[in-house]
Amino acid sequence: MAETAVKEKEPLFQFGKKERQLITDPLNDNNPITVQVLGICSALAVTSLVYPSFVMAIAVVFVTGFSSLFTSLLRNYIPKQVRMIVQLVIIATLVTVVELTLKYLNYPIYKQLSVYIGLIITNCIVMGRLEAFAMANKPWRSFLDGIGNGLGYGAILIVVGIIREVFGKGSLFAGSPIEMKIIGPTADYFINTADSVWFGWYANNNLMVLPAAAMFIIGILIWVQRSYNTKLVDVS
Amino acid sequence: MYTTRYVIGFILILTASVAVGLTGLREATKNKAAQNEDIFNKRAILSAVENYLPDGKKVSGLADEEVSRIFAQMQQPVLDMQGDTITGVQAEDIDMAKERKKPEPDRRLPLYIYEHNGEKFYILSVRGNGLWDEIWGNIALKSDGNTIAGAAFDHRGETPGLGAEIKDNPAFSEQFQGKKIFDDGAYVSVDVVKPGGTKTEHTVDGISGATVTGDGVAEMLYRGIKYYQPFLEEIRQSSGTQGLLVK
């Protein structure tokens with residue numbers, strides 16, 4: 001009895017080492033895409049341009065963060081028999097919120113992402129974190145865990161998007177207000193291949209525009225990550 | 001374990017509150033979203049006359065209000081398959097996807113008559129099949145009803161980098177500028193052919209690796225423009241007499 005009295009009450013929004021790890025772990029050691037290999041489908045589909053990847057990343061961060069928060073808040077009331085249905089209802093609600101917001105704020109990008117916004121519902125990262133973390137942890141930490149995993153996913157999406165767009169289309173952030181033209185055959189581009197001595201041979205790589213390119217790039221990213229982070233290497 | 005009554009009650013309360021919340025959000029954003037969609041579609045139509053927009057602007061450089069204003073000033077007749085005007089309906093109210101499901105004689109054809117510096121452009125809407133799914137486009141004809149002033153295409157599911165280039169690569173649609181759809185008064189449309197052949201007034205180069213999409217575009221143009229033929233003949237006969245009005 002005395003023990004409980006002595007024990008300090010944990011503050012609601014603590015941000016210590018553990019909390020920081022919740023954010024940083026998914027960025028590297030426990031990355032949802034390169035280590036857990038979840039959420040690959042949308043990572044292949046939306047990353048041909050950086051701007052849609054970026055919007056998709058924000059959408060997923062929002063959905064993972066808040067679905068973890070709400071699931072964690074409700075975790076003691078959710079009947080175990082139907083917990084997955086409840087989780088799905090929460091995820092689907094947030095995804096619909098994202099969809100309606102995009103339609104309201106930026107219709108062209110909504111058109112471009114089309115079904116992939118709706119498919120966030122089936123993104124394994126979201127439900128995986130709810131099952132593995134949010135159902136057993138306090139709201140604040142669950143929220144951070146969700147945000148962290150969303151960011152881990154988003155970071156890979158943006159890296160893949162940059163590589164694919166620069167080599168596939170020669171531009172960066174096409175479709176957004178800060179569109180940059182990097183390399184191409186007209187004078188609008190930063191490096192004009194039509195009259196450059198050094199880059200006259202250069203042509204855009206059409207493979208990069210196809211989803212298959214994302215597969216190779218993610219494979220290479222996994223390789224690069226494991227070669228400097230050797231504890232991830234599976235020796236079995 | 002939870003009792004069945006608790007489970008049912010929990011689910012009911014959860015879904016009901018979610019439903020109410022989402023309905024509220026949808027109602028709040030509905031008007032703006034519909035307006036966004038409208039502007040998006042109108043921009044797609046205007047991209048057929050990209051080179052003839054006010055002040056030399058591009059479609060992406062137009063503000064939403066300017067797009068609405070251009071459409072408010074345009075004549076927007078709707079034609080039937082005989083080339084007669086259907087009264088009481090505006091071209092922008094026609095949903096091409098729905099029209100395409102109707103039997104051919106019942107289809108209604110939207111026509112946008114755009115004016116720039118006293119020159120008239122007739123924008124026709126066409127729709128057909130690509131490789132995987134529907135493709136559609138808007139073709140702007142000059143006032144002679146023969147020369148193409150510009151074309152813009154879109155698609156639902158063509159392969160990125162291959163078939164999707166009909167939309168993503170401006171070089172493809174730019175080829176249509178200056179092409180002619182009639183040859184000595186006979187209807188021939190514009191064909192999409194293998195790159196490298198002899199260039200004529202009635203062919204454009206296809207995209208390597210997207211032969212089927214290219215054929216789809218050619219087929220769509222051939223059929224789609226043909227629907228407008230009665231109307232186009234009428235313009236051709238009276239071309240030269242400026243200021244032709246649609247009946």
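This is a predicted model: local features need pLDDT of at least 70, side-chain atom pairs count only at pLDDT 80 or more; totals for chains, interfaces and linings use all residues.
How many bridges join strand 3 of chain B to strand 4 of chain B? Six bridges do so, linking residues 109-116 to residues 119-129 of chain B, and these two strands run antiparallel. Residues are numbered from 1 along each chain as its sequence is written, and chains are lettered from A and ligands numbered from 1 in the order in which they are written.

Let us start with confidence, given as pLDDT (the predictor's confidence in each residue, from 0 to 100). The model scores ipTM 0.76 and pTM 0.81. Chain A has a mean pLDDT of 85, with 94% of its residues reaching 70 or more; for chain B the mean is 85, and 96% of residues reach 70 or more. Helices (H or I, at least four residues) and strands (E, at least two) are DSSP runs, numbered from the N terminus. In chain B, the lowest mean is 82, in helix 7 (residues 229-238) of chain B, and the highest is 92, in helix 1 of chain B. Please read residues 241-247 of chain B with this in mind: their pLDDT stays under 50.

Chain A holds ten helices and four strands. Along the sequence its pattern is α-α-α-α-α-α-α-α-α-β-β-β-β-α. The C-alpha trace of chain A spans about 80 × 45 × 30 Å along its principal axes.

Now back to the sheet in chain B. It is an open sheet of six strands in the order 2-1-3-4-5-6, with antiparallel pairing; two strands pair if DSSP finds at least two bridges between them. Its edge strands are strand 2 (85-86) and strand 6 (148-155) of chain B, each pairing on one side only. Strand 1 (residues 78-79) of chain B pairs with strand 2 of chain B over two bridges, and there Leu79(B) has Thr85(B) as its bridge partner. In the pair we began with, Tyr112(B) is bridged to Ile123(B) in strand 4 of chain B. The hairpin of strands 3 and 4 of chain B has two residues between the strands, and Asn117(B) takes a positive phi near 50°. Strand 4 of chain B also pairs with strand 5 (residues 134-141) of chain B, over eight bridges. A hairpin of four residues joins them, and Asn129(B) stands opposite Glu134(B) in strand 5 of chain B.

Turning to helices, the axes (lines fitted to C-alpha atoms, for helices over the stretch in contact, with angles from 0 to 180 degrees between N-to-C directions) of helix 1 (residues 4-46) and helix 2 (residues 64-73) of chain B come within 10 Å and cross at roughly 65°. That makes helix 1 of chain B roughly perpendicular (65 to 115 degrees) to helix 2 of chain B. Residues in contact, with C-beta atoms, placed from the backbone, within 7 Å, include Ile39(B) and Leu46(B) in helix 1 of chain B, and Val67(B) and Phe71(B) in helix 2 of chain B.

Finally, the contact between the chains takes 19 residues from chain B and 19 residues from chain A.

How values were computed
Angles under 35 degrees count as roughly parallel, over 145 as roughly antiparallel, 65 to 115 as roughly perpendicular and the rest as oblique. Two residues are in contact if their C-beta atoms, placed from the backbone, lie within 7 Å.
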